Amino acid sequence: MCGIVGYVGQADSVPIILEGLKRLEYRGYDSAGVAVHNEGGLSVRKSVGRLTALEEELSERPLRGQPGIGHTRWATHGEPSGVNSHPHTDTSGGIAVVHNGIIENYQELSDALEADGHIFHSETDTEVIPHLIEHELKNGDGAFLDALLTALKKATGAYALGILSSDEPDKLYAARLGSPLIVGLGEEGYFIASDVPAIINRARRVIYLEDGEIAVLSSNGVEVFKLDGTPVTPEIKDVDLKPESAERAGFETFMLKEIHEQPRVLRALLEKNLDDSGHIAMPEISLDPNQIKKLRRVMIVSCGTAYHAAMYGRLLLENMTGLAVETDLGSEFRYRYPKIDRDTLFIAVSQSGETADTLASMRLARKKGCRILSICNVPGSTLVRESDSVIFTDCGPEIGVASTKAYTAQLLAFALLSIYLGRVRGELSEINEAEFIRALRRIPDAIHYVLERSDLVQKIADKHHDGPSALYIGRRYNYPTALEGALKNKEISYQHAEGYAAGEMKHGPIALINEYLPVVCICTKTEDEVYEKMMSNIREVEARHGRIIAVATDGDKTADKIAEDIIYVPDTREDLSPIVNVVALQLLAYYAAQSRGTDIDKPRNLAKSVTVE
Ligand code: M6R
């Protein structure tokens with residue numbers, strides 16, 4: 001949520017900050033703003049709405065200067081408005097702050113500051129930070145760094161901050177606690193950003209700030225301190241992302257590009273985790289085989305799309321490892337009293353590695369003594385840094401707010417993990433492993449086949465997009481696929497959509513069915529044991545005149561007879577079919593959203609990375 005960027009160096013900071021904000025806009029687009037140093041002191045420009053509004057404002061009232069900070073907002077405290085937009089300033093206008101996170105005790109702090117004469121203008125939690133620093137400057141030794149350290153010790157909650165002070169026109173301050181923040185080291189200066197893609201073409205070496213660290217950037221370099229003022233020698237890492245990975249590469253949206261990247265991403269992920277003779281290798285897993293043998297339980301926790309991946313993972317792991325497996329949503333799990341211990345493997349799944357509820361759940365599991373394995377896409381993210389072992393999904397930046405390639409990579413990661421744990425625990429034979437891997441190798445081509453049918457999917461989406469609602473149903477491995485298809489549809493097309501386990505239909509949702517309701521039925525794999533059950537459920541829809549859209553295995557004549565529209569996918573074993581089937585649903589949602597004219601990469605009210613609770 002919210003993206004921040006900052007620059008100090010010899011160049012004019014405004015174009016650099018706007019470029020960075022463009023790449024961070026997926027984190028929030030309720031408003032945008034920038035502050036720079038120039039001859040007049042600190043100057044601020046802000047606009048409500050998309051970044052283009054700020055660009056227009058800056059073309060009418062140009063701004064030059066450096067250092068500079070910028071912000072793109074996903075509103076938490078206070079509606080999207082000019083006054084609530086960042087950067088926020090203190091009473092004197094000499095301190096400007098951009099913030100990602102939530103200052104939980106802001107009310108108590110601002111009440112005290114107001115009583116002391118500070119004047120607040122916004123409804124945000126952020127505004128308290130510049131005032132608090134101003135207060136500490138007045139009441140301390142007058143050194144900005146000391147005032148900042150004291151102020152931050154008083155603030156509770158989460159923050160990534162970029163701060164400018166008119167008294168220190170050559171410096172940019174940054175601080176991190178619970179929200180991601182990196183420092184970039186480039187040829188033309190130093191940068192701060194919420195994530196690497198924001199500065200990818202300007203800095204190839206980065207410092208991932210740790211919680212409780214403060215960075216002071218100037219043209220001469222970067223210094224890092226702990227909150228108690230102790231200097232830190234930060235680890236500098238090379239960035240191995242290519243600048244073009246953050247571009248649309250000719251596709252009309254990032255989401256469409258990311259959907260089309262799936263065959264390549266999955267092929268690479270598969271090969272990375274096999275050895276030269278084609279056996280499972282999982283080189284990144286650093287869990288001791290003896291510990292794996294002693295495991296009694298697996299607990300998988302995640303949010304949103306990653307939760308659907310977890311549901312799929314549960315079924316596979318249960319089937320292939322002999323372990324008891326449970327899943328939960330991060331926002332629920334963190335408030336439970338879970339019966340987990342050192343014999344439990346805790347798996348956190350997250351594209352960003354920064355989702356607040358997933359992180360809090362992981363920390364709870366850590367306290368209970370669990371080993372932590374994460375499935376994550378972002379190297380250097382908080383989740384990665386706090387896990388015992390990581391399976392990287394290696395998708396490259398996923399910029400469209402709706403997750404696509406990260407999801408199928410998470411499903412594949414679970415498939416690989418299931419083979420690995422199954423083999424180590426002696427639950428899976430070499431023959432079954434080989435068969436499974438052969439089927440996995442066919443997945444990228446099967447997805448390619450679905451992508452080649454995009455025109456047909458678009459026609460189907462066009463036909464059904466205008467109703468108020470849609471239902472998605474599936475069973476067993478494809479029940480999570482139904483949930484994910486519905487989530488994709490609602491988040492980008494704003495059509496209400498519900499995913500349901502097909503067997504549950506008669507317990508309620510069947511009441512919704514009439515001749516207007518599109519029902520997307522995932523009924524692939526004709527010989528699997530739930531296929532017949534699924535067909536009975538589809539007939540229940542047919543009997544009530546629902547509009548059946550089937551996702552079925554190539555050549556399935558039964559499905560063809562019942563369905564009004566059909567999307568064929570290649571024959572894939574049932575336990576791997578979700579990786580292929582969901583691609584048809586991603587396209588269906590995509591084209592429905594296109595027909596409905598929504599902003600596909602930046603759907604309303606959403607942000608890519610949910611770093612607040
Ligand atoms: O970064 P994470 O995978 O932890 O994010 C979890 C969810 O916020 C995310 O999957 C969200 O549901 C997506 N917008 C779905 O497309």
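1. Basis. The model is predicted: local features need pLDDT of at least 70, side-chain atom pairs count only at pLDDT 80 or more, and totals for chains, interfaces and linings use all residues. Residues are numbered from 1 along each chain as its sequence is written, and side-chain values use heavy atoms, with hydrogens and water left out.

2. Helices α13 and α20. Two packed helices are described by the angle between their axes and the distance between the axes. Helix α13 spans residues 405–424 and helix α20 spans 577–596. Their angle is about 170 degrees, and their axes lie 10 Å apart. The pair is therefore roughly antiparallel. (Axes are lines fitted to C-alpha atoms, for helices over the stretch in contact; angles run from 0 to 180 degrees between N-to-C directions. Under 35 degrees counts as roughly parallel, over 145 as roughly antiparallel, 65 to 115 as roughly perpendicular and the rest as oblique. Helices, H or I with at least four residues, and strands, E with at least two, are DSSP runs numbered from the N terminus.)

3. Their contact. From α13 come Tyr407, Thr408, Leu411 and Leu412; from α20 come Pro578, Ile579, Val582, Val583 and Gln586. Contact means heavy atoms within 4.5 Å. The residues of this α13 and α20 contact divide into 7 nonpolar, 2 polar and no charged. (Ala, Val, Leu, Ile, Met, Phe, Trp, Tyr, Cys and Pro count as nonpolar; Asp, Glu, Lys and Arg as charged; the others, Gly among them, as polar.)

4. Helices α13 and α14. Helix α14 covers residues 430–441 and packs with α13 at about 170 degrees, axes 10 Å apart. That makes α13 roughly antiparallel to α14. On the α13 side the contact uses Leu412, Ala415, Leu416, Ile419 and Arg423; on the α14 side it uses Glu430, Glu433, Phe436, Ile437 and Leu440. The count for α13 with α14 is 7 nonpolar, no polar and 3 charged. Leu412 is listed in the contact with α20 and in the contact with α14.

5. Helices α9 and α17. Helix α9 (residues 304–321) and helix α17 (residues 479–493) pack at about 170 degrees, with axes 8 Å apart. They are therefore roughly antiparallel to each other. Gly304, Thr305, His308, Met311 and Tyr312 of α9 meet Tyr479, Pro480, Leu483, Glu484, Leu487 and Lys488 of α17. The contact of α9 with α17 divides into 6 nonpolar, 3 polar and 2 charged residues.

6. Ala309. This residue is found in α9. Ala309 is buried, with a relative accessible area of 0%. (Buried means under 20% relative accessible area, exposed over 50%, partly exposed in between, with a 1.4 Å probe and protein chains only.) Leaving aside neighbours within four places in sequence, Ala309 contacts Tyr407, Gln410, Leu411 and Phe414. Ala309 and Phe414 are 105 residues apart along the chain, yet their C-alpha atoms are separated by 8.0 Å.

7. Helix α16. The buried residues of α16 (residues 454–464) are Ser454, Val457, Ile460, Ala461 and His464. Their arc around the axis is only 120 degrees, which puts them on the same side of α16. The arc is that of the directions from the helix axis to the C-beta atoms. Exposed Asp455 and Lys459 sit on the face turned away from the buried side. Cover for the buried residues includes α6 (254–260), α15 (443–451), β23 (518–522), β24 (547–553), β25 (565–569) and α20.

8. Helix α2. In α2 (residues 51–60), Leu51, Leu54, Glu57 and Leu58 are the buried residues. They fall within an arc of 115 degrees seen down the axis, so they line one face of α2. Glu56, Ser59 and Glu60 are exposed on the other side of α2. The buried residues of α2 pack against α1 (13–24), β2 (31–38) and β3 (41–48).

9. Glu168. The residue lies in the loop between β7 (157–165) and β8 (171–177). Glu168 counts as buried, at 16% relative accessibility. Its side chain and that of Tyr173 are joined by a polar contact of 2.9 Å. (A polar contact is a pair of N or O atoms within 3.5 Å; within protein, one must be able to donate a hydrogen and the other to accept it, and residues adjacent in sequence count only if both atoms are side-chain atoms.) Neighbours within four places in sequence aside, Glu168 is in contact with His37, Phe144 and Tyr173.

10. Gly70. Gly70 is found in strand β4 (residues 68–73). At 0% relative accessibility, Gly70 counts as buried. Not counting residues up to four places away in sequence, Gly70 touches Gly3, Ile4, Val5, Ile17, Leu21, Gly33, Val34 and Val98.
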